Amino acid sequence: MQKAKRILNWLLPFIIFIGLALLLVAIPLIKKQTFLGSDSLFHYNRFYDAAMQLKTHKISYFQSNYGFLQTGRIMSALYGPVVAYLGGFLLLIAGTWFKFQILTDLIVLVGAALGMYKLCRVNEVSRKAAIFMGFIYMYSSTIVQWTTAQQFTALGAAIIPFVMIYATQMVRKFDVSYIGFAFTMSILIQTHLMSSVIAMVGILPFFIVGLVKADSEQRIKLILHTIFAALITLSLAINVWYNLITLNLWNKLLPVYPVPEVRTYGYNFNSYSLINILKPTEFLLFLVVLYFVIRRFKKIDLLTKTTALTGFGFLIIAWSHFPWGVIQKVIPQLAFTLQFPKRFLVLAFVFLLLTFGRFVTSEFKHVDQKGKLIMVASMCVLIIGSVGLDFYAIHQRSQNYVALNTKHHHNNYNDNSLYYYTKKHHRTIQKDTQSHDLGYLMHDYLKATPDYLPAKKNIVNFKQYNGFDPYLKYYHQYIKTNHLKTIHFKHYVKNDGSLTLKFKTTKAQTVQVPLAKYANTQVTINGNIVKNIKTTNLGAIIMQAKKGENKINIKYMTSFTTRLLMVLTWVSWMIFAFVVFYKIRKR
């Protein structure tokens with residue numbers, strides 16, 4: 001009985017977080033709604049592609065043979081490859097898109113809360129306060145955006161608290177556990193590369209403080225262990241950084257949408273920001289932390305000072321009034337890479353919630369009963385305000401879903417490059433998301449996503465990108481071509497991971513087919529390998545078709561070096577797992 005109580009007590013935070021997560025997804029769960037945001041179709045196509053690869057055992061790491069209208073484009077190899085396959089696996093388990101969204105909502109929400117809870121407990125925050133911080137973080141806009149719009153930065157934000165455990169070690173112990181540090185950072189890189197870059201920036205202040213405050217022996221140890229962690233991380237993430245470098249070297253990949261003015265994508269104090277980015281209750285909480293920091297600055301310890309100053313620093317950096325305009329003129333690449341300064345808010349949330357947790361723990365020990373009641377009442381107000389705005393945002397999504405479910409547009413250039421084929425197939429979005437045929441949604445609800453397609457020239461700024469108009473080109477070259485009335489394309493995925501397209505023509509003619517050609521893509525037309533194949537300005541293949549049946553096959557050919565390094569990635573993970581297992585057994 002005592003053992004069961006201990007287990008239940010140990011599981012209590014997890015049980016609480018599960019309950020809170022279920023509360024947050026109650027509306028879509030009860031109404032059987034699947035919220036689709038601006039990036040949903042992009043990620044859902046990646047998950048669908050991975051799911052079908054796993055289901056059919058026809059694996060193609062580089063080439064998307066099932067997702068993105070079976071165009072053979074490279075996507076997941078450049079964007080969270082491991083999470084793409086993990087998402088595909090979960091999609092197969094869930095069986096429908098609706099169940100998949102609820103399942104992933106719970107995983108992200110609970111994972112984020114547990115990460116914040118663990119970060120707080122490691123840094124001597126009381127259990128009750130740590131649970132509260134986990135709750136606030138779970139319900140923050142940085143995490144909830146996965147539930148409302150499938151923003152992938154939320155997945156990175158769920159992992160970042162685990163990474164910051166090792167950042168705080170650098171100040172608490174003037175050392176870092178390089179095994180754990182490397183593991184969490186590698187998982188983050190395999191999930192969302194930009195989040196890993198933001199996490200590295202967030203770790204830097206702690207590393208600098210650790211170096212400055214440590215003695216000579218501790219300083220050398222901290223530097224060596226950080227280098228060890230970096231080297232292990234590089235070996236565990238070879239598949240990400242090597243392919244990212246080589247694919248960009250061998251191709252003129254179209255970049256992601258470059259924002260014209262980076263500063264406009266920071267948080268502000270307008271209605272949109274206050275509901276979707278930084279809620280008033282969260283800002284009020286940060287003001288309370290600021291009050292405590294100013295009032296007790298001389299008394300608080302080094303770690304609390306570091307978390308507080310770092311958190312407020314990133315809160316200012318994420319603000320739209322930070323001089324991003326000047327910085328963008330010096331570093332114009334920010335339009336393609338960072339894009340949104342509001343991404344730095346995740347660091348402000350993590351560090352300021354940790355700071356608040358440490359203050360609450362300290363204050364509870366010294367205030368009287370009346371003071372404790374005031375603190376608890378204040379926290380309840382924060383909870384009610386945060387939950388209320390989250391439910392308002394979810395209610396808005398619910399209303400948008402109802403409107404989306406009734407749309408039957410064949411194409412709509414002004415609706416975020418979205419194209420609807422539900423009327424053509426006599427289906428609705430709701431039927432698609434609850435159908436066990438996962439492909440229905442992929443064919444009924446399309447979005448032009450030209451990112452990482454092979455262009456013929458480098459696009460280096462917003463003016464060039466806007467003039468090129470890749471979203472419209474994508475529609476004409478890939479979406480519209482896949483729905484021609486004159487030529488019907490049939491796709492077949494081969495066991496070797498290649499993709500074949502068959503079609504018939506009434507005469508010999510030039511045909512632009514909806515298949516993407518990269519530098520290492522081997523093209524075979526009617527049984528003959530064609531080396532100098534013509535392509536459009538967005539990488540779609542142009543071929544000479546004969547009268548009658550035609551067959552074109554594409555296969556991404558990897559070099560020996562690529563194959564070797566991919567194997568080394570898996571070997572590195574196996575060696576890493578063995579070392580961790582050995583250390584655990586030794587303890």
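Okay, let's start with a single residue: just after helix α5, E124 takes a positive phi of about 65°. When I say helix or strand, I mean DSSP runs, H or I of at least four residues for helices and E of at least two for strands, numbered from the N terminus.

Quick caveats before going on. This is a predicted model, so local features need pLDDT of at least 70 and side-chain atom pairs count only at pLDDT 80 or more, while totals for chains, interfaces and linings use all residues. Residues are numbered from 1 along each chain as its sequence is written, and side-chain values use heavy atoms, with hydrogens and water left out.

Back to α5 itself. It covers residues 97-122, which is 26 residues, and spans 37 Å from first C-alpha to last, close to the 38 Å expected at 1.5 Å a residue. That expected span is 1.5 Å times one less than the number of residues.

Now, who packs against α5? Two packed helices are described by the angle between their axes and the distance between the axes. Axes here are lines fitted to C-alpha atoms, for helices over the stretch in contact, and angles run from 0 to 180 degrees between N-to-C directions.

One partner is α4: the axes of α4 and α5 come within 8 Å and cross at roughly 125°. That makes α4 oblique to α5; the scheme is under 35 degrees for roughly parallel, over 145 for roughly antiparallel, 65 to 115 for roughly perpendicular, and oblique for the rest. The crossing of α4 and α5 is right-handed, meaning that the near helix is turned clockwise from the far one by less than a right angle, with anticlockwise being left-handed.

Which residues in α4 and α5 meet? From α4 you have G87, L90, L91 and A94, and from α5 there are W97, K99, F100, L103, T104 and I107. Contact means heavy atoms within 4.5 Å. By class, the α4 and α5 contact divides into seven nonpolar residues, two polar and one charged. For the classes, Ala, Val, Leu, Ile, Met, Phe, Trp, Tyr, Cys and Pro count as nonpolar, Asp, Glu, Lys and Arg as charged, and the others, Gly among them, as polar.

Another partner is helix α7, residues 141-149, which packs with α5 at about 175°, axes 9 Å apart. So α5 is roughly antiparallel to α7. Here α5 brings Q101, T104, D105, V108, L109 and A112, and α7 brings I143, W146 and T147. That contact of α5 with α7 has five nonpolar residues, three polar and one charged.

α4 (residues 81-94) also packs with helix α3 (residues 40-56), at an angle of about 70° with axes 7 Å apart. That makes α3 roughly perpendicular to α4. Among the contact residues are F47 and Y48 of α3, and Y85 and F89 of α4. The α3 and α4 contact counts eleven nonpolar, three polar and two charged residues.

F391 and L23 are 368 residues apart in sequence, yet 9.7 Å apart in space, C-alpha to C-alpha. Leaving aside neighbours within four places in sequence, F391 touches L23, L24 and I27.

On to the sheets. There's an open one of five strands, in the order β5-β6-β12-β8-β9, with antiparallel pairing; two strands pair if DSSP finds at least two bridges between them. β5 (490-493) and β9 (528-530) stand at the edges with a single partner strand each, so one side of each has no neighbour in the sheet. The twist averages 25° from one strand to the next. Inside that sheet, five bridges join β8 (residues 521-525) to β12 (residues 548-556), and V523 stands opposite I554 in β12.

There's also an open sheet of three strands, β7-β11-β10, again with antiparallel pairing. What sits across β7 and β11? Helix α22, residues 470-479, running at about 110° to β7. β7 and β11 pair over five bridges, and V511's bridge partner in β11 is M543.

Finally, β10 and β11 (residues 540-545) are joined by two bridges, with K534 opposite I542 in β11. Their hairpin has four residues between the strands, and G539 there takes a positive phi near 85°.
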